[in-house]
Amino acid sequence: RGIGAAFARQIAELGIDLVLVSWRKETLRPTVDAIRKEYGVKVTAVVAKFGDPDAEEAVLRATADLNVSLFVANHAPTNKMYESKCANVGLKRRYWVNERLEDHLDQASIGYVSILKLTHAYARKQAEAGAGGIILSSSTSSLKPMPFLVQYGSTKAALSHFGLGLWAEMRDFGVDVLTANFGATDTPALRLATTESALDIIKPQ
């Protein structure tokens, strides 16, 4: 789905085997099957819902015996983007103070803490190997204060600063780190977080 599926297809096109992680089994399976058929690479599917206590460990267990030469962190900022159109993400005027603290913590956990945990595990192995790559999917919302996107923007800002600092450090180990700051992109996640009329702003003319 969305940017994650685009990453997967471009990497598979290079002949690289994949491990795809999603909490939506009904959309993960068709993507896995389509990439296997189209590109002829090995694709392992892992169902894990970030925000759950054992999600990161489930991913690490599934990849324990693999050489993860490229790690792409493209988590959705919050599971609630898919569960409800009332998420504090997207082009809707919602005040940070009026949202539940639990939802803010959910975003911070999924959008930063879980990425930190996985990056630490894979970066260590890549550093030991003297080669590898890490791509962190961030947002242009990280580049300036974002009223009505306060939690999303600040979480992405933390991720972007983390990625920039890590890039400087990991060069000493032969590992590349890229932080990709995406602008508004017509994806399933954004469609659930905003209105159809707002999507016209980002459609190609």
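Rings of Phe, Tyr and Trp (its six-membered ring) pair if their centres lie within 6.5 Å; planes under 30 degrees apart count as stacked, over 60 as edge-to-face and the rest as tilted. The model is predicted, so local features need pLDDT of at least 70 and side-chain atom pairs pLDDT 80 or more, while totals for chains, interfaces and linings use all residues. Residues are numbered from 1 along each chain as its sequence is written, and side-chain values use heavy atoms, without hydrogens and water.

View 1. A search of the whole structure finds three aromatic pairs. In one of them, the ring centres of tyrosine 95 and phenylalanine 148 are 5.0 Å apart and the planes stand at 80°, so the pair is edge-to-face. Tyrosine 95 lies in the loop between α4 (80–83) and α5, and phenylalanine 148 in the loop between β4 and α6 (150–170), so the pair ties together parts 53 residues apart in sequence. Helices (H or I, at least four residues) and strands (E, at least two) are DSSP runs, numbered from the N terminus. Tyrosine 95 is partly exposed at 43% relative accessibility, and phenylalanine 148 is partly exposed at 22%. Buried means under 20% relative accessible area, exposed over 50%, and partly exposed in between (1.4 Å probe, protein chains only).

**View 2. An aromatic pair between two helices.** Tyrosine 112 and phenylalanine 162 form an edge-to-face pair, with 6.1 Å centre to centre and 85° between the planes. Tyrosine 112 belongs to helix α5 and phenylalanine 162 to helix α6, 50 residues apart.

**View 3. The open sheet.** Three strands form an open sheet in the order β3-β4-β5, with parallel pairing. Two strands pair if DSSP finds at least two bridges between them. β3 (70–73) and β5 (175–182) are the edge strands, each with a single partner, so one side of each has no neighbour in the sheet. β3 and β4 (residues 132–139) pair over four bridges, and valine 72 stands opposite isoleucine 135 in β4.

**View 4. The buried face of helix α3.** In α3 (residues 55–62), the buried residues are Ala55, Glu56 and Val59. Seen down the axis of α3, they fall within an arc of 100° (taken from the directions from the helix axis to the C-beta atoms), so they line one face of the helix. Among the elements that cover them are β1 (18–22), β2 (43–47) and α5 (101–129), where contact means heavy atoms within 4.5 Å.
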